[in-house]
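Please keep the model open beside these notes.

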Amino acid sequence: MYEYIKGSVVYADPTQAVVETSGIGYHIMISLQTYSAIHTQKDILLWLHLLVKEDAHLLYGFATRDEREIFRLLISVSGVGPNTARMILSAMSNEEIRDALITSDVVRIKSIKGIGTKTAERMIIELKDKMMKVGLESSASGSSPQPVSETGTEAAAALQQLGFQRSAVEKVLARLQKENPSYSLEELIRHSLKIL
């Protein structure tokens with residue numbers, strides 16, 4: 001129904017964005033990958049996927065059409081819902097997801113929270129051939145993510161919104177920030193997702 005939205009970023013964090021166009025603000029669920037591409041921009045274009053549920057109409061936005069295509073392929077697998085697909089897109093890049101599925105890397109796929117061995121194997125069986133057809137556009141950002149102030153607090157809030165326990169999140173973030181205080185928000189969340 002909706003193909004894309006073009007407008008101004010009113011608000012963005014690693015899990016959601018509000019984009020205003022024609023005087024209307026749209027709440028859009030995003031991945032860390034998309035956040036990395038848009039968080040420094042004022043005007044953006046997001047490719048959309050509308051999910052209609054009994055009690056809600058949810059918009060999911062993606063910086064590239066490839067990311068949206070991968071999201072749609074992921075949610076077509078039984079046992080992989082939109083939040084799990086978003087978690088996968090936050091933990092790995094499009095290329096990493098594609099390579100893991102094409103090379104049948106079960107260990108890599110099940111390292112993501114919420115993905116067990118059976119789901120990882122099902123994803124590989126159902127998506128291996130389809131992933132070979134995904135074109136993979138070059139990343140919109142190209143440069144390394146810029147550090148964000150109050151990084152730990154923002155990372156903790158984003159990880160809790162994804163469903164992780166506060167105590168576990170705080171321990172992991174404390175450890176990561178001790179190892180490397182210069183981690184950007186995206187790096188902190190990505191590394192946390194691999195540990196949690």
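1. Helix H8 (residues 166–179) has 14 residues, which at 1.5 Å a residue should span 20 Å; its end C-alpha atoms lie 20 Å apart, so the two agree. The expected span is 1.5 Å times one less than the number of residues. Helices are DSSP runs (H or I, at least four residues), numbered from the N terminus.

2. This is a predicted model: local features need pLDDT of at least 70, side-chain atom pairs count only at pLDDT 80 or more, and totals for chains, interfaces and linings use all residues. Residues are numbered from 1 along each chain as its sequence is written, and side-chain values use heavy atoms, leaving out hydrogens and water.

3. Val169, Val172, Leu173 and Leu176 of H8 are buried (under 20% relative accessible area, 1.4 Å probe, protein chains only). They cover an arc of only 100° around the axis, which puts them on the same side of H8. The arc is taken from the directions from the helix axis to the C-beta atoms.

4. The face of H8 turned away from the buried side carries Lys171 and Lys178, both exposed (over 50%). The buried residues of H8 pack against helix H7 (151–161) and H9.

5. The axes of H3 (residues 82–91) and H9 (residues 185–195) come within 9 Å and cross at roughly 115°. Axes are lines fitted to C-alpha atoms over the stretch in contact, with angles from 0 to 180 degrees between N-to-C directions. Met87, Ser90 and Ala91 of H3 meet Arg190, Leu193 and Lys194 of H9; contact means heavy atoms within 4.5 Å.

Methods: Helix = DSSP H or I, 4+ residues; strand = E, 2+ residues; numbered from the N terminus.
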